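Please read the report below alongside the sequence and the coordinates. It moves from the whole chain to single residues.

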Amino acid sequence: MTRSLSAALAATMLAAPAARAEMAATITEPVTITFYSYNLASAGLGKETTEGLIADFMAANPLITVEPVAAPSNEILSRVQADIVAGQQPDVAQLVFRDLIYAAKDLGAQPFEDLAGDELAVHAEGMVPNGLALGRVDGKTYGLAYTFSTPVMFINADLFRAAGLDPDQPPRTWAEVKAAGIAIHEKTGKHGFFPGAFGPIDGTFVYQSLVMSNGGKVREGNKLTYAEPAAAGAVTMLRDLRDSGAYADIDVAAHMDTFASGDLGMFLFTSAIQSRMQKAAEGNFELRVAAMPSFGDKPTAPTNSGSALFVLSQDPVKQRAAWELTKFLTSKYAYTQITSKIGYLPLRLDIVDDPQYLKDWVEANPMILPNLEQLTRLTPNVAFPGPNYRQVESMMKDAAAEAVLGSGDPVAVLKAAQERGQALMPADG
């Protein structure tokens with residue numbers, strides 16, 4: 001966000017009324033709301049499925065018209081900000097979890113407890129508690145978890161066999177990933193392993209999953225800690241994989257295409273691309289999915305990718321329409337579509353064994369099971385506080401990438417970035 005846009009947005013939010021009327025109880029006249037979504041921007045991330053859900057919602061709610069606004073995930077916040085400044089108030093926005101604190105404190109997101117009252121508790125029945133917790137700031141739910149996943153290991157079973165490996169016994173630890181990656185590279189000439197942690201599509205959740213699975217943290221309060229021993233150890237593990245030849249020497253922007261082409265044995269990334277990879281693998285190679293590997297006997301702590309839904313409406317009637325849309329998009333029906341057609345996790349696990357919803361699909365598509373199992377250890381993807389939060393996160397991500405892919409001492413690289421980033425963090429208190 002540019003300085004001028006930031007200043008204009010701050011002025012706009014300060015000019016907003018301090019007290020607002022309560023959300024309307026019902027919709028009695030036609031109303032139009034906007035829905036900003038990055039899933040609408042890409043067929044590979046569920047454009048058709050999301051369009052279908054919007055159409056289904058409007059069919060069930062004839063007085064509500066939803067105008068979709070599409071933007072890629074790395075541009076959706078800027079679009080929301082620009083439209084607020086331009087006086088075009090967004091109503092519902094799908095934002096990634098890195099924007100959670102900013103949306104709650106600076107963007108005017110409505111806490112659902114205040115907006116919907118008892119309706120929130122009723123709607124939340126059956127939802128995964130640690131999934132709901134992903135959208136909370138200071139004890140209130142500003143973002144209702146929507147499309148999210150944990151990192152899973154996509155495996156090319158054909159390359160495993162060609163390298164003399166058993167795809168029925170995928171690597172469970174990073175030491176085993178290293179051995180398998182070296183074998184694939186040396187015996188097939190293809191690439192062994194690659195994590196989707198440093199590319200142009202946000203992969204910080206993969207990086208944070210690695211850090212937390214090794215017992216580290218990226219921050220504690222307002223203190224950055226990603227250069228501390230446990231956190232840095234996750235990065236030095238990746239550097240060791242690269243130095244050994246197990247780590248693929250490819251462009252970080254081409255990781256999905258490389259795996260889809262059949263030239264990569266193991267790819268750690270979000271299950272949101274599962275349907276895309278299944279289509280790419282058809283007739284080309286056998287695709288498998290395994291759980292995220294661990295650091296020895298340490299339990300993994302997979303963090304979430306994906307997004308939450310934020311209600312930004314200021315008008316009481318539009319707030320009601322926005323809440324109805326939010327409820328629909330996080331319903332049993334919607335999660336059946338989202339999981340089966342896109343690959344995200346269902347926030348409602350009771351539909352997994354329900355024949356009316358996902359039971360038959362899960363039985364026919366066991367690749368979702370590692371991701372479902374990891375929900376029991378779901379660890380929130382840590383957002384950063386303060387106005388410089390994106391810059392601080394970007395500095396961390398760039399440093400981790402340099403530590404893995406560069407030639408310098410990885411711990412020194414992380415420490416230098418952490419020191420620079422700390423100067424941009426809010427002061428304690």
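Predicted model: local features only at pLDDT ≥ 70, side-chain atom pairs only at ≥ 80, totals over all residues.

Residues are numbered from 1 along each chain as its sequence is written, and side-chain values use heavy atoms, with hydrogens and water left out.

**Overall fold**

The chain has 19 helices and 13 strands, where helices (H or I, at least four residues) and strands (E, at least two) are DSSP runs numbered from the N terminus. Its radius of gyration is 22 Å, close to the 22 Å that the globule rule gives for 429 residues, so the chain is as compact as a globular protein of that length; the radius is taken over C-alpha atoms, and the rule is 2.2 Å times the number of residues to the power 0.38. Along the principal axes, the C-alpha atoms fill a box of roughly 65 × 55 × 30 Å.

Of the 429 residues, 55% count as buried, a term that means under 20% relative accessible area, with exposed over 50% and partly exposed in between (1.4 Å probe, protein chains only). Among the contacts with a separation of 6 or more, 78% come from residues 24 or more positions apart, a contact being heavy atoms within 4.5 Å.

**Aromatic pairs**

A search of the whole structure finds 13 aromatic pairs, for which rings of Phe, Tyr and Trp (its six-membered ring) must have their centres within 6.5 Å, and planes under 30 degrees apart count as stacked, over 60 as edge-to-face and the rest as tilted. Phe 112 and Trp 323 form a tilted pair, with 5.6 Å from centre to centre and 45° between the planes. Phe 112 lies in helix α5 (residues 112-116) and Trp 323 in helix α14 (residues 316-329), so this pair ties together parts that are 211 residues apart in sequence. Both Phe 112 and Trp 323 are buried. Elsewhere, ring pairs link Phe 154, Phe 205, Phe 259, Phe 267, Phe 269 and Phe 285 into a cluster.

**Helix α15**

In helix α15 (residues 332-341), the buried residues include Ala 334, Tyr 335, Thr 336, Gln 337, Ile 338 and Thr 339. The buried residues of α15 pack against α2 (47-60), β6 (144-149), α14 and α16 (359-364). Just after α15, Gly 343 takes a positive phi of about 120°.

| Residue | Relative accessibility | Class |
|---|---|---|
| Asp 138 | 67% | exposed |
| His 255 | 3% | buried |
| Leu 45 | 23% | partly exposed |

Asp 138 is placed in the loop between β4 (136-137) and β5 (140-141), and has a positive phi of about 50° although it is not a glycine. Most residues other than glycine have a negative phi.

His 255 belongs to helix α12 (residues 255-260). Not counting residues up to four places away in sequence, His 255 touches Phe 194, Gly 196, Gly 199, Ile 250, Leu 264, Phe 267 and Phe 269.

Leu 45 sits in the loop between β1 (31-37) and α2. With residues up to four places away in sequence again not counted, Leu 45 touches Asn 39, Ala 272, Ile 342 and Tyr 344. Leu 45 and Glu 373 are 328 residues apart in sequence and 22 Å apart in space, C-alpha to C-alpha.
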